[in-house]
Amino acid sequence: MKTDVDVLVIGAGPAGSSAAALLHKQGFKLLMVEKQTFPRFVIGESLLPHSMDLLKEADLLECVTRQQFIQKNGAVFLRGNETCNFDFSAQFTSGWEYTHQVPRGDFDKALADEVASRGVEILYNCGVSAVRFEPSMATATLTRAGGETRAVTARFVLDCSGYGRVLPRLLELDEPSKFPTREALFAHVTGDRRPQGREEGKIWVCIHPGGAWIWIIPFSNGKTSVGVVALPEFFGQYPGSPSEKLRSILESDPNAAARLNGMSFAFEAQTIKGYACSVKRLFGPRFCLVGNATEFLDPVFSSGVTLALASANRAAKVLTRELRDEAPDWQKEYGDHVMQGINTFRAYVTAWYDGTLQDIFFASGRNPEIMRQICSVLAGYVWDVKNPYVSQADRALKLLAHILRR
Ligand SMILES: Cc1cc2nc3c(=O)[nH]c(=O)nc-3n(C[C@H](O)[C@H](O)[C@H](O)COP(=O)(O)OP(=O)(O)OC[C@H]3O[C@@H](n4cnc5c(N)ncnc54)[C@H](O)[C@@H]3O)c2cc1C
């Protein structure tokens, strides 16, 4: 049956734009529908080196490089006077040795504009409010900001709506995350006293003495993203407005305080809570969930955008085969692949919050080869099953912490 487009892409974040770039290259007719106007603020600003491979494959690396984002060469974990400094040049998996810290308004707009310049139609200010699936096609209802609606038919729907979770909500696929509900309080600031040289663009993750952790992500525009993640009761101890709370929390961590005590807020601090989510399944007849519309674990290892790009890459490849009537095995080719990445990071997030990883990061007798293997996970190379800290992540981390604690 003839449809308006081959693929309807919901959402123009990194997942949507990169999937659209790859599918457009294969000659399919696409429509990308985005609820907001760009540039828009979204949190999630620290990329991982593996994202560079994925951007390159979608021919999107050049438009990112043109933005002159700051180079991120690694990740530094700090607890009081202890430091664990990962440099992406010291990795087990051969791959990119750097990536970027990106204000997402600029990054997402650069990707979407590039895709539009190649001929993909993007409708901004237009949300997908309903989708009806029939055996031969899907019909989506698009609702403009003013309220007018229009129907679009497609052979397939890629849900890249991130926190909008369009199809998980409409098809009742949402499942609660097994992680406890955490909260993040964040802002952009100026006046960050950064380290110099190669260290300047690294992300800092500071372990606050009260049981929270803090991110510090420097940008090339002179601003720095700062945020605190903790259980909701942690924030209750700090009085005042969101910015006053954030300032007090940063002042009460020695490492954040030393770097940020001259800072000014670029905007009032904001809160996001209950962001961890899961789904019953990742695909079905004529649809597939991609990026944050699948499962989101936790921000601690900056895995979100890389997983969004990786799932988009794989979805575009499997969908290309489907649209050419090659009957791909979605479970094997898409579901298992995406879950391999998510589950590796799940083991690290679990080990972060139960203290296993901190015992490893701040141990005195760290083995350089093992640290290279862990560094590759922090760089996003979570599909390299030759790395034992990928293929047996959970077991390997527990065993290592046990040995280092003795
Ligand atoms: C506190 C916090 C910190 C984080 N830090 C990092 C980090 O440092 N690094 C990292 O990689 N990740 C981080 N993340 C995760 C990151 O935010 C996401 O993983 C990433 O944005 C996912 O990209 P996406 O393309 O799937 O979705 P999004 O970037 O959310 O894009 C989805 C798009 O869909 C649009 N949309 C929604 N509903 C509809 C609709 N009905 N119709 C049409 N369009 C719609 C939205 O407007 C949006 O533009 C963090 C997350 C949190 C909560």
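Reply: Start with the contact between H1 and H4 in this predicted model. From H1 come Pro14, Ser17, Ala20 and Ala21. From H4 come Arg104, Phe107, Asp108, Leu111, Ala112 and Val115. Sort these residues by type, and seven are nonpolar, one is polar and two are charged.

Now the geometry. Two packed helices are described by the angle between their axes and the distance between the axes. H1 covers residues 14-25, and H4 covers residues 104-117. Their axes are 9 Å apart, at an angle of about 20 degrees. Angles under 35 degrees count as roughly parallel, so H1 and H4 are roughly parallel to each other. The crossing of H1 past H4 is left-handed.

On the H9 side, the contact uses Leu307, Ser311, Arg314, Ala315, Val318, Leu319, Arg321 and Glu322. On the H10 side, it uses Trp330, Glu333, Tyr334, His337, Val338, Gly341, Ile342 and Phe345. By type, this contact has nine nonpolar, three polar and four charged residues.

Turn to the nonpolar cores. The largest one has 124 residues. Phe77, Leu158, Phe361 and Ile374 touch the most other members. H9, residues 304-323, gives the most to this core, with eleven residues. A second, separate core has 23 residues, including Trp204, Ala212, Val226 and Val228.

Take Leu158 by itself. Set aside its neighbours within four places in sequence. Leu158 then contacts Val7, Leu8, Val9, Ile10, Ala19, Leu23, Cys288, Val290, Ala315 and Leu319.

Asn255 sits in helix H8, residues 254-260. Is Asn255 buried or exposed? Under 20% relative accessible area means buried, so Asn255, at 15%, counts as buried. Ala130 is another matter: Asn255 and Ala130 are 125 residues apart in sequence and 48 Å apart in space, C-alpha to C-alpha.

Now for some loops. Asp59 lies between H2 and helix H3 (61-65). Asp59 is not a glycine, although its phi is positive, about 55 degrees. At 39% relative accessibility, Asp59 counts as partly exposed. Glu172 lies in the loop between helix H5 (166-170) and strand S11 (174-176). Glu172 is likewise a residue other than glycine with a positive phi, near 55 degrees. Over 50% means exposed, so Glu172, at 61% relative accessibility, counts as exposed.

Phe38 and Pro39 are joined by a cis peptide bond, with omega about 0 degrees. Pro39 belongs to the loop between strand S2 (30-33) and helix H2 (50-57).

Go back to the starting point.

How values were computed
Residues are numbered from 1 along each chain as its sequence is written. This is a predicted model: local features need pLDDT of at least 70, side-chain atom pairs count only at pLDDT 80 or more; totals for chains, interfaces and linings use all residues. Side-chain values use heavy atoms; hydrogens and water are left out. Axes are lines fitted to C-alpha atoms, for helices over the stretch in contact, and angles run from 0 to 180 degrees between N-to-C directions. Helices (H or I, at least four residues) and strands (E, at least two) are DSSP runs, numbered from the N terminus. Angles under 35 degrees count as roughly parallel, over 145 as roughly antiparallel, 65 to 115 as roughly perpendicular and the rest as oblique. A crossing is left-handed if the near helix is turned anticlockwise from the far one by less than a right angle, and right-handed if clockwise. Contact means heavy atoms within 4.5 Å. Ala, Val, Leu, Ile, Met, Phe, Trp, Tyr, Cys and Pro count as nonpolar, Asp, Glu, Lys and Arg as charged, and the others, Gly among them, as polar. Buried means under 20% relative accessible area, exposed over 50%, partly exposed in between (1.4 Å probe, protein chains only). A nonpolar core is a set of buried Ala, Val, Leu, Ile, Met, Phe, Trp, Tyr and Cys residues joined through side-chain atoms within 4.5 Å.
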